[in-house]
Amino acid sequence: YRLVRSSDPVVDIAFDAGFATHEAFTKAFQAGFGAAPSAYRRGGGDCVIPAPCGVHVVPGGVTRFHVAHHRGEDMEIDIVERPDQRLAVVRHVGPYWQVGRAFEELMPRFARLGLPMAPPIAAFLSDTDSVPPAEYQAVAGVPVSGDADVGDLAEYVLAGGRFVRATFLGHYEGLPEASQTLYARLIPAGGYRLREGVCFEEYVTPHDAGAPEDMRTDLYAPIV
């Protein structure tokens, strides 16, 4: 996970994983994943470790380890047109998987405004492949009407256009894997071509409603 999602030196990752030498780590990693650590990093490998116990690491989550989700493979996708949308937001800077902290600040502040609640949205403003995790930018927001008073919350206009929409059912902890499946497999398989624009997630099911395995999140990727 750290090889793909961080810029930490490989030798530091090796020592933190308990290996006495860089060479021992490289040999073990090559045997387990079929590539040297540096090559695996360049290739953007799958972050879900194929462990027999079905557990993988998600730093920044409620706990560090979670049961791996595999429902990203069977996500339904369709093509939608969306208009520009105004959001009342709290801005986030840091690893993208920690955007939940921005929602923890946003929700009570938004509730005090007395505005209608719509499904919240996380919009990801940086490219994870080119921006260090500590500098990654995103917004946690709630859609509002054009004339709504958002108080001391920031505003962000989510640009509309044509999108691939993938519907994911499952706990939020499965979203990183679902997103990777969308971009690495489903979009290329469908022959879609990405365009400049912001990718975002819309949390259709309220956080405290229904069983975790039935929680719905729609993932949007801008396409030509």
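This is a predicted model: local features need pLDDT of at least 70, side-chain atom pairs count only at pLDDT 80 or more; totals for chains, interfaces and linings use all residues.
1. Residues are numbered from 1 along each chain as its sequence is written, and side-chain values use heavy atoms, with hydrogens and water left out.

2. Now the overall picture. The protein has six helices and ten strands; these are DSSP runs numbered from the N terminus, with helices being H or I of at least four residues and strands E of at least two. Of its 224 residues, 40% are buried (under 20% relative accessible area with a 1.4 Å probe, protein chains only; exposed is over 50% and partly exposed lies in between).

3. Take contacts (heavy atoms within 4.5 Å) between residues at least 6 apart in sequence: 70% of them join residues at least 24 apart.

4. Which residues of helix 5 are buried? They are Ala-102, Phe-103, Leu-106, Arg-109 and Phe-110. Seen down the helix axis, they fall within an arc of 140°, so they line one face of helix 5 (the arc is that of the directions from the axis to the C-beta atoms). As background, an α-helix has 3.6 residues a turn, so residues three or four places apart point the same way. Turned away from the buried side of helix 5 are the exposed Arg-101, Glu-104 and Ala-111.

5. What do the buried residues of helix 5 pack against? Strand 4 (85-93), strand 5 (121-124), strand 6 (137-143) and strand 9 (199-203).

6. Strand 9 deserves a look of its own. It is mostly covered, with four of its five residues buried. Strand 9 pairs with strand 5 in the antiparallel sense over four bridges, and with strand 10 (residues 216-222), also antiparallel, over four bridges. Pairing here requires at least two bridges found by DSSP. Follow Glu-202 in strand 9: it is the bridge partner of Ile-121, and it stands opposite Asp-218 in strand 10.

7. Finally, helix 3 (residues 22-33). Its end C-alpha atoms are 16 Å apart, which agrees with the 16 Å that twelve residues should span at 1.5 Å a residue. Just after helix 3 comes Gly-34, with a positive phi of about 75°.

Conventions: The expected span of a helix is 1.5 Å times one less than its number of residues.
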